[in-house]
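Reader: I would like to learn how to read a model such as this one. Where should we begin?

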Amino acid sequence: MNFFLYINKNLIFFFGLIIILAFLLVIFTKQINLNNIELKILDKKLSNVDISEPKFTINNDDKKIYITAKEGNFLSKDKILLKNSVSFKSNEFSIETEKVIFDRNKQTAQSKSKSLFKSKNTTIFSDGFNIHDRGNKIIFYGSSFIVLK
Amino acid sequence: MKSIVKIIIILLFCVNANARERGETEITTEDGIEVFQNEKYYLLKKNVKIESDNFILQANEVKINFESSLYDIIELNAEGNVQFNSPEFNIIGSGENLQFEVKIEKLKVKGINSKVVTENIEMFSDGSIEINNLTGKFSVKGKNSKLINETILITGETIDGIFSNNNDKKEITYLNVIDDKISYVKNNDTEMYAKKINFDNEISIIELVDSVTIIRNEEKITGDYGTLDTNNNSYKIKSNNQNKVKVIIQDDE
């Protein structure tokens, strides 16, 4: 008698079923991951960014401060939340941070995120800053660390 | 494993970030900084610590005037519980307020319990202590003003003088002490009282003017004008009224 005739047909059936289920499970899991990635990309594409790569200027009598960021959102008519790689640059100094609220009308900027100020031979690390009086006055908040060379 | 590597990198970065390099000045504050670009000054607020190659200064609040950029310091004003130490200039001090003019190297400490200590001279006052490191001029003014060095103790309302740097030690070359109540100088075994006391190192003479008293051992001599030669420790006393010089010789027994 053939050897294969001794194998239980039910056993072969269940074994095949388990393999098929495992295969389907793998495919299904991968599909979920793909869906998540697609959703994330879609989410990014549809994020509520009002301005992409916004640029502003604070005008002073003797200097200009150029403000750039990757994203901007209007909080009100004049107030804009600038996010991601926010940079303030003038001939005398630069400030880098992650989030800033800029007031176009008052020409002020306020940040409560970690900031790095650089000017000639000077570096200031702070927990945020406030630029007002058209850039004449800069207040650095919190525990601050200055290095003068 | 990745987390451990990250922690090590962060720790290394922190250690490196806190290591001051030569020629750098590090400032830390607890409550931020206010920079006034047009007025050219900045305020350092709450528990300020300034550390450079030349000195360490701690105070509650510090105002720094700069010339063109923030590093270009021309004047420093520290307020509240000021403490400083300059190993390079061999000077330590403390007071309620400190003012330092960088270009002319003028240091002024003000307030109750003001103190400036150099290698061999100690100055105390409840008013102000002013030292010009370039000219060597110093001035101690106000209540409880006192100057002490190895051989001399001086008290008076106003102590003005000049010191020179000889062999890295500050040596008093000229001294002018004024106190409307009474000035006091103790030199070796001699105590001197007068309203005005002058000392000129070139001629080695301590000059005493008005309400003069000299006490040495058991002798006490009073008059209106006196001189003490620091070379031979001899003294002379005069009175406006020739008969008025008074000598008291005390006997221990």
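Author: With surface patches. In a nonpolar patch, side chains of Val, Leu, Ile, Met, Phe, Trp or Tyr are joined within 5 Å, and each residue has over 30% relative accessible area and no salt bridge. Keep in mind that this is a predicted model.

Reader: Which residues make the nonpolar surface patch of about 620 Å²?

Author: A:Phe13, A:Phe14, A:Leu17, A:Ile20, A:Leu21 and A:Leu24 make that patch. One of them, A:Phe13, lies in helix α1 of chain A, residues 9-45.

Reader: Then is A:Ile124 buried or exposed?

Author: Buried, because its relative accessibility is 0%. A:Ile124 lies in strand β9 of chain A, residues 122-126.

Reader: What does A:Ile124 touch, leaving out residues up to four places away in sequence?

Author: In chain A, A:Ile124 touches A:Ser115, A:Leu116, A:Phe117, A:Phe140, A:Phe145 and A:Ile146; in chain B, the partners are B:Ile33 and B:Leu70.

Reader: How should I read the interface of chain A and chain B?

Author: Start with the contacts, then the area. In this model, 24 residues of chain A are in contact with 24 residues of chain B. About 2000 Å² is buried between the two chains, and carbon and sulfur atoms give 54% of that area. On the chain A side, A:Asn136, A:Ile146 and A:Leu148 lose the most area to chain B, together 32% of what that side buries.

Reader: What is the make-up of chain B?

Author: Chain B has one helix and 20 strands. Of its 253 residues, 41% are buried. The accessible surface of chain B is about 14300 Å², with 47% belonging to carbon and sulfur atoms.

Reader: Which elements of chain B have the lowest and the highest mean pLDDT?

Author: The lowest mean is 48, for helix α1 of chain B (residues 2-18), and the highest is 96, for strand β4 of chain B (residues 56-66). Over residues 7-16 of chain B the pLDDT is below 50, and this stretch has zero contacts in the model beyond near neighbours in sequence. Where pLDDT is low, the predicted coordinates should not be read in detail. Chain B as a whole averages 86, and 86% of its residues score at least 70.

Technical notes:
Residues are numbered from 1 along each chain as its sequence is written. Chains are lettered from A and ligands numbered from 1 in the order in which they are written. This is a predicted model: local features need pLDDT of at least 70, side-chain atom pairs count only at pLDDT 80 or more; totals for chains, interfaces and linings use all residues. Side-chain values use heavy atoms; hydrogens and water are left out. Helices (H or I, at least four residues) and strands (E, at least two) are DSSP runs, numbered from the N terminus. Buried means under 20% relative accessible area, exposed over 50%, partly exposed in between (1.4 Å probe, protein chains only). Accessible areas come from the Shrake-Rupley method with a 1.4 Å probe; for residues, only the protein chains shown count as cover. Patches are made of residues with over 30% relative accessible area and no salt bridge: like charges are joined within 9 Å, nonpolar side chains (Val, Leu, Ile, Met, Phe, Trp, Tyr) within 5 Å. A salt bridge is a side-chain nitrogen of Lys or Arg within 4 Å of a carboxyl oxygen of Asp or Glu. pLDDT is the predictor's confidence in each residue, from 0 to 100. Contact means heavy atoms within 4.5 Å. Buried area is the accessible area (1.4 Å probe) that two parts lose on being put together, summed over both.
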